[in-house]
Amino acid sequence: MSFIKLGKRNLENVSVLLRPHVHFISSSQGAGVTGSQYVSPVRSPAIKQVIDLENASNNLADSKEDNTSDVHKLNEDNYARAVAFEIARAAARAGETNIASSLSAYLNLVDEAPKDVRFDKQIDAFRFDPPFKFTKNTTVKNVTRKTLMPYHQHKYDNCGFWYTNYNTLNFFDNEHIPTGSALLYTNPSGSYDLPNNFSVSFWINPRYSKASRDYRAGTIFHLSSSICISLVSGSSIDEFGAENEFKILLQLSQSADKAPSLIDLSTPSSAYPNDLVFTSSHVLKKNHWHNVLVTWSNSSNNSTGSIFIDSNKTDFHIPSASLNATKSPRFLCIGNYYDNSYGATMDGLVTNDPKDAGSNSINEGYLPAGVSPDRALTRGPNEFSHPLNAEIHDIRMYNKYINKNLKKYENLFEESPTSTDDLVFYVPVYFFPSSSLRDVLVTPFQRILSTTNDPFSVQYSFGVGGKMTNLENYTLDFVEMRQPRHLGLFPYTINTTVQDVTADSYTYDTGSNAKRLLSILPNDNGLHKPRYDLLEKSVMSASNMFKKSGRAIDYSIIALDNLIPTSSLYPGLVFTSGSIFDQIVGSAPDNPGVAPGAVLTIAQRTRDVSSNEITIVDISNLYYG
Amino acid sequence: MATFKTISSADIKTTRTTLNQLVDFVEEDVSGSATRKKYQVFVTSSGGNAVTSSLFQTVFDQNYALQTANEIFDMTFGVHSGSATAFSASTGVDTNGKILFTSESLMMREKINVYRQFSQTLLGDASGKFRAPFSSTTDTDDIDNALFLCFKRLFTRDGVKRETFAMRFFQSSSAGHASEAHPSNVDVTATNPSSGSVIFTDVGAASSIERSQFGGDVGNIVLASDTSQTVGLMFYQKGIAVLDIERALNSNQIMTGSLSAVGATGVAHISASFVPHFVASASMDQILDHVASTRFGSGSNTFLTFQNNTKINSTLVFCRATADEFNYSSNPSYTDSEGRIIVIDESEQGTQKSFAFVSTIGLYDANEELLATAKLSRPVEKNDEKDLTFRVRLDF
């Protein structure tokens, strides 16, 4: 026997909230292990069965021979209880005034009455991921995908083997996650320089705060020496002691060069160079979606700008012609604050040749701007130390002043833009089926130089059964059609000797991998209506990734049907294991340490080229109506 | 695919059946503090020694902090404004009509208002007074000080079944501990197993069916050892038991102990009869705490039981398929392109009769709009040698 310590990362919890009032929990933690659910949502030990005298008598007669079992004892009690009750009633009817003894006998036996068996009825709920080999669960998946979904498609709006193309960028950090990650959009021609009249907007949901650590300012949008927008604590806490209200901190022009965490929010400095610091008077609530708009123009409203939190406005006044940096910043930083100087340190983050396999930024999906070698991955301790803790999407920068109180702009941010007119920068966080050339993870030990057009790494998924989001396919700026450098978010490989590692355990055990994997989340912002006109106008508009069941194009979905060509499979290879099979397929979920072979293992085994990165919950419709 | 047949009124029958469950409440649920929840909404405005109290308490079948806990019943106490208890504690009425009480009393207006609320609900008159027996016209049968037990609908369903209610109850409080300088019997837990208790019941109530216009059917709760003594009322449809404190308890027993009080010390010592002194001087929480922890026992035995009624209204629709009906399907896949029935061999065409499997019955209105569907647990074969009747039952 050996003891193995099971840490947090060995445990996986799934929670499904059903209606009415049924909460199914599947967990390997503590006493939470349940794989079934009671049929009756409300049960009480106080409700029992009524066994009348006739039934009690018959039951007792039936079990007469069974003299030693509990069944007989139960029937005896039932009979005695029924008799005591009937004696009391008969006595009362006969006019007797003392029925206490029979009622006492009845009361003494009531707690022995059998429980209502309906309260014990449970129905199992199963949750499973598609297996790596062909099993009955493969068949369940195929029947669901090929039979049930097409059959029920006319009844439901979104019944098919796809998921919605409405996503958020999820920024977070904790003790296991590196803080120095960010999206760096290169600014080679100054296209992202802060315009003289500008408006920056985004939707944000402050999801994360903990009572056990101080809340640190997290930067949302940073252009060095021009503008820095951060999320800061609003000094209100919930019942657990965690921050539950937040404010927007705005730093402009030269004031944007001071790290947001160093700004005293209670008494901000009014002296140059820290005089252009403003906070919103209105708050953002934790776990709520808010639209934020920062807008300013020297030619509008006497150089008065505004910070809008939804429709609540905070004005600020800057009598200046421009808030632009004197030198064009080399990149626009999303999700963190760049705390270093111009020059080589900044240049090095965004200049490299992606075809140079030895460079670092090639791992991070960066579109080339120059040819000089990029900087080493090592970053200074404070260089990116203001990680955002929130979900954001629909990030826009306009080259004009927008007064949200005007009727024409009233609903501007409730829908995605249909064109890039007046926009300088726009990241809707849509899936875009094209990416830069970069190193793509294929096993925990190997990467290959490739582009991607899928929502996740298909080689990694169909080869070794691992999950790895293709983050690069979600972060496109639709104005410049430019991908950022995903700083600190590239998939590392294992370069040491390890044993018994699975692809998923490797993914979740590595902080940057976990952060990359969770950087894209489904969007639950119902206040915003996504429109996909820009995808429709793009060069990838005819991609199969937007086709429902390979037919009608719908840009609001990401298809999961045919992720790899069936022609890549070996129809003649009938084995699913053994030496011949292993030689052909190479790396496999159970043997990820060898090089990938000529065909992807799981796809070859199951002959199924639809996504396995799904979870199926098999649960009775009693629980969801 | 559907084949239609008109259902006549003769094919539709309605029935009503009643289901019963046995309800069993155990002593420790009512006596335990983890299963009895207080809602301390009443606070006196007297500085440091303010008294805090609930207006009612709720008893649960498990620790009420658990997600699976169910509320069993609410328990509260009320005093009629015209009762001797109210008169003896009152010092008059102010210019606004507010009844004033001595400083030794506590929450008297709340106790009166609780009584008024139940009177309004069950008797239709907030000033009305409960009497036990219900139909009595004698003033001595008045219930001046009432303990109200309001059973939750989860347990009463459509009503408490008549003549099934039984409750074990300690009429006197145990004596205080002799070792104490001032023995208190206000908070001495009832003995376990039960001894010295009596049983209250409504068995025999069927002989005199009484009805309140607002509260529904009413039965008298009597002492089981002497059914001529009525101690309270049971409102069956409402699931509310009203116990007369003066008859259900030994109201003359001298209660000793400490009570919360507004004043310099915050505590008042009492040594006086249960009615009227204790019920006037104690807060609602203290009265309910005393009753709950000392009068029902504290073990795992049953202290209260009744049966409930669940009325089920059913509509039975008899869907008849005679020998020549429903032997064919209009499903396009039933026949081939030439109209031949696919499941019949070509060589058997003309000799073998058509047949179908009935899997679903749809009920349509006159406009042919589907109202309900009934699914068979397994398809039933229908051919010209079978005359079938499917009974579709709608329960509601």
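Visitor: How do helix 1 and helix 2 of chain A pack, in angle and axis distance?

Guide: Bear in mind that this is a predicted model. In chain A, helix 1 (residues 53-62) packs on helix 2 (residues 70-93) with the axes 8 Å apart and at an angle of about 150°.

Visitor: What makes helix 1 of chain A roughly antiparallel to helix 2 of chain A?

Guide: The cut-off for that label is an angle over 145 degrees. The angle here is about 150°, and that makes helix 1 of chain A roughly antiparallel to helix 2 of chain A. As for handedness, the crossing of these two helices is left-handed.

Visitor: Which residues of helix 1 of chain A meet helix 2 of chain A?

Guide: From helix 1 of chain A come A:Leu53, A:Ala56, A:Ser57, A:Asn59 and A:Leu60. Among the residues they meet in helix 2 of chain A are A:Tyr79, A:Ala82 and A:Glu86. Sorted by class, the contact of helix 1 with helix 2 of chain A has six nonpolar, four polar and two charged residues.

Visitor: Why are helix 2 and helix 3 of chain A called roughly antiparallel?

Guide: Try the cut-off again: over 145 degrees. The axes of helix 2 and helix 3 (residues 100-110) of chain A cross at roughly 150° and come within 8 Å. Helix 2 and helix 3 of chain A are therefore roughly antiparallel to each other, and their crossing is left-handed. Helix 2 of chain A brings residues including A:Ala80, A:Ala84 and A:Phe85 to the contact, and helix 3 of chain A brings A:Leu103 and A:Tyr106 among others. That contact of helix 2 with helix 3 of chain A divides into 11 nonpolar, one polar and two charged residues.

Visitor: How do you know that the span of helix 4 of chain A agrees with its 17 residues?

Guide: At 1.5 Å a residue, helix 4 (residues 136-152) of chain A should span 24 Å. Its end C-alpha atoms are 22 Å apart, so the two agree. Helix 4 of chain A also has a kink of about 35°, centred on A:Thr144.

Visitor: What is there to say about the phi of A:Asn301?

Guide: Most residues other than glycine have a negative phi. A:Asn301 is not a glycine, yet its phi is positive, about 55°. Look for A:Asn301 in the loop between strand 16 (290-296) and strand 17 (304-309) of chain A.

Visitor: Where are peptide bonds cis or trans worth a look?

Guide: Most peptide bonds are trans. The bond from A:Tyr272 to A:Pro273 is cis, with omega near 5°, and A:Pro273 lies in the loop between strand 13 (243-252) and strand 14 (277-279) of chain A. Another cis bond joins B:Val275 and B:Pro276, with omega about 10°; B:Pro276 is in helix 6 (residues 274-281) of chain B.

Visitor: How many residues of chain B are in contact with chain A?

Guide: 29 residues of chain B contact 24 residues of chain A. Strand 1 of chain B gives the largest share of the side that touches chain A, seven residues. By class, that side of chain B has 11 nonpolar, 13 polar and five charged residues.

Terms used. Residues numbered from 1 in each chain as written. Chains lettered and ligands numbered in written order. Predicted model: local features only at pLDDT ≥ 70, side-chain atom pairs only at ≥ 80, totals over all residues. Helix = DSSP H or I, 4+ residues; strand = E, 2+ residues; numbered from the N terminus. Expected span 1.5 Å × (residues − 1). Bend = angle between axes of the 7 residues up to and from the residue. Axes fitted to C-alpha atoms, helices over the stretch in contact; angles between N-to-C directions. Parallel < 35°, antiparallel > 145°, perpendicular 65-115°, else oblique. Left-handed = near helix turned anticlockwise from the far one by under 90°. Contact = placed C-beta atoms within 7 Å. Nonpolar A, V, L, I, M, F, W, Y, C, P; charged D, E, K, R; others polar.
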